[in-house]
Structure formats: structure tokens, C-alpha cells
Amino acid sequence: MREFSIRKAGPDDLDSARTVMLDTVHRDFGTGYVPRWHGDIIDLHGAYVAPVRHTLLVAVDERDGEVVATAALDSRGPAHPPNPRWLAERYPSGSTAQLRRVYVRPEHRRRGLARRLVAALLDFAAADGGYRSVYLHTDPGVPGAEAFWRSLGEVVCDEREETGQRVVHFEVPTVHPTARVLAASPRGLSTEPLPAR
């Protein structure tokens, strides 16, 4: 059985993490790289490593050291536009921890990696002490994404109903983060996929 470690991304992990992310936006989102949506992927150091209140985590296959999954957190709330104004006001930058780039390579899904990564992000947000809420949005067209996030949080805006866009916005509770995330699935860690854009 394979062993995976979760760790804060170091300088040597950034190229591999970027590859996981770019492969995901091409394969799962079908958009390819779009600078206004994915600029953080190109500058992972500037977006997640250098800022003290941000983080980039990777899951690494212990056998060969390959980065097989990513997860990030930053202090930027959802912007208006393109998001609804009320949503941007509810989740302001600075006091909102936004979960981003929770991606797992397809061959490593359903092993609990996304849940472990999210648990570590929630622990990071709790330790910061300045975050009032944890927010994310996802593309419900990606197989498994909506069900995964519904198992961890609450839908606060389904744009399919409000604007016709294929985006669902979630808030994830921050109380006892690790226990909540790891206990979220009645079958343990079996409901893996993914992406938060």
C-alpha cells in the first residue's frame, strides 16, 4: 500500500505542484490556462509561499517523491465582479480564508488525500487566528467536486440558480477543523474528488 505525506510546499515542490494544477485545469475544467483565473498557478511562490498568512500544501508519494496533489489557502475573498456583490461583502479579503487549488491526480484519487489536505488547511486557518470564515467555490461540472465539498461545508450560493453560471460557493465550518473534515464521510475517506478553482 502506498504512503503519502502532506507537507508545506518547498522551493523544490513548486514546479511539480504547478504541473498538477495546470494538468487539472486542462483535463477537469476543459478551459486550459486562463491568466485572469489561473495567474496564481504561474507564480505559486508569490501567491502562496511568500505571504505569511497564505500556504501551499502538497501530497507526496513516499515511494518516489512525486507530488500527486495540491491545496492552497489565501486571504483573498471572492471578488465582485465576477461574483455577486453580496458574496464579496460577506467574505471580505483579510478575514476570509479562501481554499484554492485542491487538486489530486486522477490515479491517486479516492485515497483520502483531498480530505487530509483540507484538514491541514483548516488547521492552518485556525492557527492564524485572524480568519473569521473559510470560503471556496467549485465547478460542479467536475465529477465528484460538488459532492465532496457538500460533505465538508454548506452551499451559500449556487450560481446555476442565480446567474446561470456553473459555479457553487461554499463556506466550510472552522470549529474543530481536523475532526470535522476527517469524520465527514461515513465511509471514511472514500469520496475524494476535488477541485476548488
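This is a predicted model: local features need pLDDT of at least 70, side-chain atom pairs count only at pLDDT 80 or more; totals for chains, interfaces and linings use all residues.
Residues are numbered from 1 along each chain as its sequence is written, and side-chain values use heavy atoms, with hydrogens and water left out.

On to the overall picture. The chain has eight helices and seven strands, taken as DSSP runs numbered from the N terminus (H or I for helices, at least four residues; E for strands, at least two). Of the 197 residues in the chain, 51% are buried. The chain exposes about 9000 Å², with carbon and sulfur atoms supplying 52% of that; the areas come from the Shrake-Rupley method with a 1.4 Å probe, and for residues only the protein chains shown count as cover. Among contacts (heavy atoms within 4.5 Å) between residues at least 6 apart in sequence, 71% join residues at least 24 apart.

Next, the nonpolar cores, meaning sets of buried Ala, Val, Leu, Ile, Met, Phe, Trp, Tyr and Cys residues joined through side-chain atoms within 4.5 Å. The largest one has 27 residues, and L73, L99, V102, V118, L121, V134 and W149 are the ones that touch the most other members. Two or more residues each come from strand 2 (55–61), strand 3, strand 4, helix 5, strand 5, helix 6 (145–150) and strand 7 (168–172). Helix 5 is the top contributor, giving seven residues to this core. Another core, of 19 residues, lies apart from it, and V25, F29, V67 and A72 are among its members.

As for the aromatics, rings of Phe, Tyr and Trp (its six-membered ring) pair if their centres lie within 6.5 Å; planes under 30 degrees apart count as stacked, over 60 as edge-to-face and the rest as tilted. By this rule there are three aromatic pairs. Because Y91 is in the loop between helix 4 and strand 4 while Y135 is in strand 5 (residues 133–138), the pair ties together parts that are 44 residues apart in sequence. Y91 and Y135 are both buried. There is also a charge over a ring, which requires NZ of Lys or CZ of Arg within 6 Å of the ring centre and within 35 degrees of the ring normal: R53 lies over the face of Y131, at 4.1 Å from the ring centre.

H38, D40 and I41 in helix 2 are buried. Looking down the axis, the buried residues of helix 2 fall within an arc of 120 degrees, so they line one face of the helix; the arc is that of the directions from the helix axis to the C-beta atoms. These buried residues pack against helix 1, helix 3 (44–49) and strand 4. The face turned away from the buried side carries the exposed residues P35 and R36.

Most residues other than glycine have a negative phi, and most peptide bonds are trans. The peptide bond from H80 to P81 is cis, with omega near -15 degrees, and the bond from P81 to P82 is cis too, with omega near 15 degrees. P81 lies in the loop between strand 3 (67–74) and helix 4 (85–90), and that loop also holds P82. Positive phi values turn up at R101, near 55 degrees, and at R110, near 65 degrees. R101 belongs to strand 4 (residues 96–104) and counts as buried because its relative accessibility is 0%. R110, by contrast, is exposed, with a relative accessible area of 53%, and lies in the loop between strand 4 and helix 5 (113–128).

Finally, E162 is part of helix 7 (residues 159–162). E162 and P84 are 78 residues apart in sequence but 9.4 Å apart in space, C-alpha to C-alpha. Leaving aside neighbours within four places in sequence, E162 is in contact with W86 and C157.

Technical notes
Buried means under 20% relative accessible area, exposed over 50%, partly exposed in between (1.4 Å probe, protein chains only).
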